[in-house]
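Morning, everyone. Let me put the model on the screen, and then we'll walk through it.

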Protein chains: 2
Amino acid sequence: MIKSINHIAIIVPELEGALDFWEGALGLKLARTESVPSEGVEVGFLPVGDSNLELMKPTTTDSGVARFLEKRGPGIHHLCLEVDDIEATMARLREHNIQLINEQPQAGHGGRQYAFVHPKSTGGVLVELYQLSDQ
Amino acid sequence: MIKSINHIAIIVPELEGALDFWEGALGLKLARTESVPSEGVEVGFLPVGDSNLELMKPTTTDSGVARFLEKRGPGIHHLCLEVDDIEATMARLREHNIQLINEQPQAGHGGRQYAFVHPKSTGGVLVELYQLSDQ
């Protein structure tokens with residue numbers, strides 16, 4: 001079951017400049033930042049209702065996020081859906097011949113599990129699936 | 001105040017084909033469709049938590065949505081934030097020199113008011129503001 005939009009990820013060249021709009025002008029609040037060296041990104045989370053905006057700044061030049069920024073410029077990168085059972089969701093997608101980027105759930109921060117679905121199978125949207133650890 | 005992500009709008013060439021993924025494979029449910037001839041789109045809404053995915057299919061060849069589809073292909077088009085007071089939010093954005101696409105709130109379906117913020121001022125994200133009618 002799909003529970004919520006966990007976050008919308010937005011690629012930014014710098015967190016500070018992006019926060020001038022999202023926090024300064026619009027009035028959202030930065031709840032926390034995380035550095036994820038393994039993915040070459042620094043991220044900032046701004047809660048909105050039961051969801052979040054996730055600002056992602058590349059910290060290397062060779063990550064997927066860095067290449068996206070260079071090729072397409074800043075903007076929305078992916079949509080993350082929280083599911084109650086990521087293995088069951090992935091099995092269901094495979095039954096429908098949907099192409100997954102990650103064949104197995106990946107271990108993320110704080111015990112969460114995640115996997116990406118290929119935009120070729122979704123109509124151009126990079127979709128991330130998330131199962132949080134407290135389930 | 002920003003209350004929630006009201007919807008994420010996704011441009012699709014055909015609703016039926018897009019629903020094969022979002023409804024058939026992923027298990028979301030199409031709650032309703034709307035035809036909006038003034039904007040040249042047919043839209044379908046799929047609730048997710050306290051938000052929605054909004055699938056937008058162009059019905060003419062000369063709308064902004066049709067041009068986006070032709071130029072960039074299908075994918076995420078804009079992010080819509082529900083606010084409690086759209087006039088106050090727009091005034092605040094102007095104070096921060098944020099460029100608005102609509103200088104006044106526009107009247108939408110069911111009494112809602114909306115306005116778009118220019119992606120030049122947001123870091124590449126087309127942002128829509130929404131005030132629902134029951135406030």
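Is A:Arg94 buried, partly exposed or exposed? A:Arg94 counts as partly exposed, because its relative accessibility is 36%. The cut-offs: buried is under 20% relative accessible area, exposed is over 50%, and partly exposed is in between, with a 1.4 Å probe and protein chains only. The areas come from the Shrake-Rupley method, and for residues only the protein chains shown count as cover.

Ground rules, quickly. This is a predicted model, where local features need pLDDT of at least 70, side-chain atom pairs need pLDDT 80 or more, and totals for chains, interfaces and linings use all residues. Residues are numbered from 1 along each chain as its sequence is written, chains are lettered from A and ligands numbered from 1 in written order, and side-chain values use heavy atoms, without hydrogens or water.

Back to A:Arg94. A:Arg94 forms a salt bridge with A:Glu103, with 3.3 Å between the closest N and O atoms. By salt bridge I mean a side-chain nitrogen of Lys or Arg within 4 Å of a carboxyl oxygen of Asp or Glu. A:Glu103 is partly exposed too, at 46%. Over all chains, the structure holds ten salt bridges.

Now chain B. B:Glu14 and B:Lys57 meet through their side chains in a salt bridge, 3.4 Å from N to O. B:Glu14 sits in the loop between β1 (2-11) and α1 (15-25) of chain B, and B:Lys57 in strand β4 (residues 51-58) of chain B, so the pair ties together parts 43 residues apart in sequence. Helices (H or I, at least four residues) and strands (E, at least two) are DSSP runs, numbered from the N terminus. B:Glu14 is partly exposed at 40%. B:Lys57 is buried at 18%.

There is also a network. Shared partners join A:Arg32, A:Glu34 and A:Arg112 through salt bridges. Within it, A:Arg32 pairs with A:Glu34, closest N and O atoms 2.9 Å apart. A:Arg32 is partly exposed at 38%. A:Glu34 is buried at 9%.

Next, helix α1 (residues 15-25) of chain A. Which of its residues are buried? They are A:Leu15, A:Ala18, A:Leu19, A:Phe21, A:Trp22 and A:Ala25. An α-helix has 3.6 residues a turn, so residues three or four places apart point the same way. After α1(A) comes A:Gly27, with a positive phi near 95°.

Take A:Phe21 from that list. A:Phe21 and A:Ile101 are 80 residues apart in sequence and 32 Å apart in space, C-alpha to C-alpha. A:Ile101 lies in the loop between α3 (86-95) and β6 (106-107) of chain A. A:Ile101 is partly exposed, at 44%.

How do the two chains relate? Chain A superposes on chain B by a rotation of 180° with 0.0 Å of shift along the axis, RMSD 0.0 Å. That is the relation of a two-fold axis. In chain A, the C-alpha nearest the axis belongs to A:Asp50, 3.4 Å away from it.

Last, the surface. A:Lys71, A:Arg72, B:Lys71 and B:Arg72 form a positive patch. Patch residues have over 30% relative accessible area and no salt bridge; like charges are joined within 9 Å, nonpolar side chains (Val, Leu, Ile, Met, Phe, Trp, Tyr) within 5 Å. Lys and Arg count as positive, Asp and Glu as negative; His and chain ends are not counted. Charges are placed at NZ of Lys, CZ of Arg, CG of Asp or CD of Glu. Helix α2 (64-72) of chain A and α2 (64-72) of chain B each supply at least two of the patch residues. B:Lys71 counts as exposed, at 75%.

Note on methods: Accessible areas come from the Shrake-Rupley method with a 1.4 Å probe; for residues, only the protein chains shown count as cover. Copies are superposed by least squares on the C-alpha atoms of residues with pLDDT of at least 70 in both.
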